[in-house]
Amino acid sequence: MNERLGCDPPDLSHKGLRPWPCLEYNGQELRLGRTNGATMRVILDVLEGPRQGRSFVFDRHDTFIVGRSRFVHCPVPEDTALSRDHFLIEINPPRCEVRDLGSTNGTFVNERRVDRAKLNSGDRIAAGQSIFRVRVETASKTSEMDTQTGSRTLSVALDAHPKPIQCAGCGSPAPLGIDVASGPNQVAGESVEWLCDFCRAESSSLPQPVPHFTTVRELGRGAMGVVYQAKHNETGKLVALKLIVPESAAARSAVDRFLREMSVISQLKHPNIVEWLEQGMTRGQFWFAMEYVAGSNLEALANSAPGRYPISQACRMACQVLKGLEQAHRLGFVHRDIKPENILIGRRPEGLVAKISDFGLAKSFRGLGLSGLTFSGEMRGTVPFMPPEQMLDFKTVLPSGDLYASAATLYYLLTSQFIYDQVAEGGDLIRTLLEEPPVPVRKRRPDIPAALAAVLQKCLARDPKDRYPTASAMRQALRPFC
């Protein structure tokens, strides 16, 4: 029994994870967990039910699942009115959204049954015997004693942005109460980058100017931005230019932190990893100049011959991805978002070459609160390839998570189908990820050798310890099928 929270922690020790990713406090004690210096936090107070009196505190982008299952963040096995995985809250302070996970008895916000709802400070969430109250507060590095409850809380005066915030595109003033993502070294009065809705729409539909680059044509667009082919004005070199607009306003400290993290990633060089060349921010948008790969991606490759892609060629592609991951993991980098659209396919005289793109981008973008809430957007394309442990704590993903995602990607290349039947947006897919085993690959495609199916089954094990220990070991297991 976890006395601090009053409920059994999820059994995640075998996954290499610490159970409670949120901040935790009870009574007069406050324990700070992994923080990023954010000035906002979301608190979930349990007002009624078996966990009454407990609180869960979040100061960064996170997820929180309630249900009877022992794998969720707040397990309540004694409440038979709850489903195993009842509801999920996604938090990116101060934003907060709840979604019902296909529960039998429903999730209610302020006494209204919902499938999905945005949450505001003061809202109440009811499920089974439990009622949670949402509180959104500001936080500082120093704590104060609450004279009424005796609990220790965090507080700060919100004078960090005394200057009016203006659109970086047209100069129009930002509305009051706008969300501002900040970095760990935030200082009072620092500048804030923000785009109004009009300029945001314009940046999405039309190429935006980037210093010393000229756009040539659009290559593609996804949940995180638009990619153009561009030419360096001085050297004439062709690059892939990715433009991303933060979902929230971004303080200079958050901008600098994000660019620093991506600058570190740019040091990662390997034939099977797309090289990062330059990065910056202009007129409220991030831009990244990357190696231009003259080809499509693995998703398009799979759909070019649905369910018939040559098995040996698919395994060769997977082995190339694993070579890149082997180098990255050795240097301490974990991708966290391996999926078919992030594997670019180029051509060499000797054949096709797979290159991993967007290394570290999603993790850094989410971690600093720049992505807003992702489950309604980019996560739809990510969840089918996400290792189960990442759903419970997507900040702490080990190399084994990349191996799981690589296996799910190979499965897709071989079958043109996801590893689960439930792939529609909604609670079913999340519940399936947490509770169900993948569909055996030979049910999708009977001509796949039984030995290869066994390799994939091991790679997709729910427990990371049951997977191959390294990218090199997984690659060796796939080599006989290349």
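A charge sits over a ring if NZ of Lys or CZ of Arg is within 6 Å of the ring centre and within 35 degrees of the ring normal. For an example, select K458 and Y468: the charged end of K458 sits over the ring of Y468, 5.2 Å from its centre.

Before moving on, keep in mind that this is a predicted model, where local features need pLDDT of at least 70 and side-chain atom pairs count only at pLDDT 80 or more, while totals for chains, interfaces and linings use all residues. Residues are numbered from 1 along each chain as its sequence is written, and side-chain values use heavy atoms, with hydrogens and water left out.

**Stop 1: a five-stranded sheet**

Colour the strands in the order β18-β19-β20-β23-β22, and you have an open sheet with antiparallel pairing. (Strands here are DSSP runs of E, at least two residues, and helices are runs of H or I, at least four residues, numbered from the N terminus; two strands pair if DSSP finds at least two bridges between them.) At the edges are β18 (213-222) and β22 (276-282), each pairing on one side only. On average, neighbouring strands of this sheet are turned by 25 degrees against each other, direction ignored. Now zoom in on β22 and β23, which run antiparallel and are joined by six bridges. Pick M281, and its bridge partner in β23 is F286. Then show α2, which packs on the sheet, touching β22 and β23, with its direction at about 170 degrees to that of β22. (Axes are lines fitted to C-alpha atoms, for helices over the stretch in contact, and angles run from 0 to 180 degrees between N-to-C directions.)

**Stop 2: K242**

Next, select K242 in strand β20 (residues 238-244). The UniProt annotation "binding site", from an unreviewed entry, covers K242; such annotations may be inferred rather than shown by experiment. Is K242 buried or exposed? It counts as buried, at 7% relative accessibility (buried means under 20% relative accessible area, exposed over 50%, partly exposed in between, with a 1.4 Å probe and protein chains only). Beyond its neighbours within four places in sequence, K242 is in contact with residues including V226, F286, W287 and D358; contact means heavy atoms within 4.5 Å.

**Stop 3: aromatic pairs**

Show the aromatic rings: the whole structure has 11 aromatic pairs. (Rings of Phe, Tyr and Trp, the last by its six-membered ring, pair if their centres lie within 6.5 Å; planes under 30 degrees apart count as stacked, over 60 as edge-to-face and the rest as tilted.) Select F258 and F286, an edge-to-face pair at 4.7 Å centre to centre with 75 degrees between the planes. F258 is in helix α2 and F286 in strand β23 (residues 285-291), 28 residues apart. F258 is buried at 0% relative accessible area, and F286 is buried at 0% too.

**Stop 4**

Click V192 and its bridge partner A251 in β21.
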